[in-house]
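Please have the sequence and the model open while you read.

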Amino acid sequence: MKIYRYPQKEEWARIMKRPQIDSGDLTELVIQLLNDIRNRGDEALFAYELKYDKVALTSLRVTDHELDKAESLLPTELKEAIRTAAQNIEKFHASQVVEEKRIETTDGVVCWQKQVGIDRVGLYVPGGTAPLFSTVLMLGIPARIAGCSQRILCSPPNQKGEIHPAILFAAKVAGINEIYKLGGVQAIGAMAYGTESVPKVYKIFGPGNQYVTMAKQLVSLRDVAIDMPAGPSEVEIIADGDSNPAFAASDFLSQAEHGADSQSLLLTSDETFIELFTREVELQLNQLPRKDLASKSLQNSKVVLLRNDKEILDFTNEYAPEHLIIQSTNYNTLAMQIRNAGSVFLGPYTPESAGDYASGTNHTLPTNGYAKSYSGVNLDSFTRKITFQEISAAGLNELGPVIEIMAENELLQAHKNAVTIRLESIK
C-alpha cells in the first residue's frame, strides 16, 4: 500500500492507474478457444470442461433433481438471507419500470415509447475462488422483471460435475431454471454462438476473470451485446478526521479480498487519520482467511492525502470509481457533487457489502474508469425501447409541409413523395 502526500495534479494520472494485465498472449488463446467452440459446438465444450474445470461431463444442463437437491443442502439461515436479499433487489428494480406515455407533439401526431425485454439473455456467474450466488440475484431478478422470455445461466462445475448449491438455489429464487455447467471462455462462447445444447443469446451479462472478460469483449465485436466493459473490481473511500478508521479499513479490505488485481483507494485531507487507518488495515488483514489474496491486492492499493474537499472531488470524478464510499462528516454535501461513480455508499453505516448483497441496488458496475460513460446494470440493461407513432390525416396536413421541405433540401425526393402522395389524397 503506497501513501501519496499532497501530489501535484500532474501526478494524479499516474496515481490513478489501475493494475494492468498483459493481454497479448491471452487474446490469441481466447480467440482460438472461441473459434473452436463456434466450429465444434458441444464437442469443444466438453473438451474444455475436462481441460479447465477438470470434469468429464456427459451433459451440460442442470436437471430439476439437481435444483431440488441443492435447496436441501443449504442451511436455513442462508436460504432466508438469499430470499430477503431477493425481495430488496426486486423492490428496487421493479421501481425502474417505465410508465408508457403518449405525447402529442403536434395536433394529430402522437408518439410513444414502449419498454420491451430482450428476448434471450445469458448470465455468467463465476464459481472459482468463491461462489458468487449474489450475482445470480443481481442479474436474474431484473431480467425476469424486464420480461426477458429466455434467461439462461452458466456457471463452472466442480470436479464432481456439480454447481455450488447456493448458486442453484439463488437461481431458483430468481426464476431461472435453464442452467448450464460451463465456466470461463467456453461459457461465453456457447452463449454467443449457440451449440447443440446451449441456445444463442442476444446479450451476455456477468463478471469473470481475465479470460471471461476478454471473451466477452471479443464476442461483442460482432456476435452479441454485453453488459459493459469490465476489469478488476475497485473501491474508493473518502474520509476525514471524524471518520471511524476501523470502518474505513474494513471497506478497504473487503475490496482487496476480491482478488490480487483489485484496487482500493483512500482519499483524505486529514493526515492524522492516515496513521490510524493504516494501523487498522494491518490489524484486520491479519485476521482474514483470505489474507494472502488481500495482501497481493494491497500492492495495488493507495492512500492519497489531498489539500481540501475540492481536490478530493476533482480526483474522484477523474478516477470514476466502481464503488465510492463517503464517510466524511459532510458526506451529503460531497455526494451532491459526484458525477462519475458506479455506486455510492453514504455515511458511516453504509458498507459496500450492503450493495454487494442485500440493500437492493445492483452490484454489477462499471470499472476501470468506465463509470464516466456507463451505468451499472439496472432494469434498462435488460430492455430495449421501441418507439411508436400514429399520425391522423389532420396531423399530416399540419406536419407534412415541414417534412417535404426538409426532405427536398436533403435531396431525398422519395422521402418527400411519401408525404406528398398522402397529402394529395386528403384534399
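Glu80 counts as partly exposed because its relative accessibility is 40%, where buried means under 20% relative accessible area, exposed over 50%, and partly exposed in between, with a 1.4 Å probe and protein chains only. This is a predicted model, in which local features need pLDDT of at least 70 and side-chain atom pairs count only at pLDDT 80 or more, while totals for chains, interfaces and linings use all residues. Residues are numbered from 1 along each chain as its sequence is written, and side-chain values use heavy atoms, with hydrogens and water left out.

**Salt bridges**

- Side chains of opposite charge can pair when their charged atoms come close.
- A salt bridge is a side-chain nitrogen of Lys or Arg within 4 Å of a carboxyl oxygen of Asp or Glu, and by this rule the count comes to 22 salt bridges.
- Glu80 is paired in this way with Arg83, their closest N and O atoms being 2.7 Å apart, and both residues lie in helix H5, three residues apart, about one turn of the helix.
- Arg83 is partly exposed, because its relative accessibility is 30%, and Glu80 and Arg83 are linked with Asp68, Glu71 and Lys172 in a network of salt bridges.
- Glu271 forms a salt bridge with Arg5, with 2.8 Å between the closest N and O atoms, and this pair links distant parts of the chain, since Glu271 is in helix H11 and Arg5 in strand E1, 266 residues apart.
- Helices (H or I, at least four residues) and strands (E, at least two) are DSSP runs, numbered from the N terminus.

**The second largest pocket**

- The second largest pocket has a volume of about 200 Å³, and its lining consists of 16 residues, of which Phe92, Gly342, Ser343, Thr361 and Asn362 lie nearest its centre.
- A pocket is an open set of points on a 1 Å grid over the protein atoms alone, where a 1.4 Å probe fits, with protein on both sides within 12 Å along at least five of seven lines, and lining residues have an atom within 4 Å of a point.
- Strand E13 (343-346) gives the most to this lining, with three residues.

**Exposed residues**

- Met406, which lies in helix H16 (residues 393-409), counts as exposed because its relative accessibility is 57%.
- Ser95 sits in the loop between helix H5 (76-94) and strand E2 (102-106), and Ser95 is exposed, with a relative accessible area of 55%.

Notes:
Points joined across faces, edges and corners; volume = space filled by probe spheres on them.
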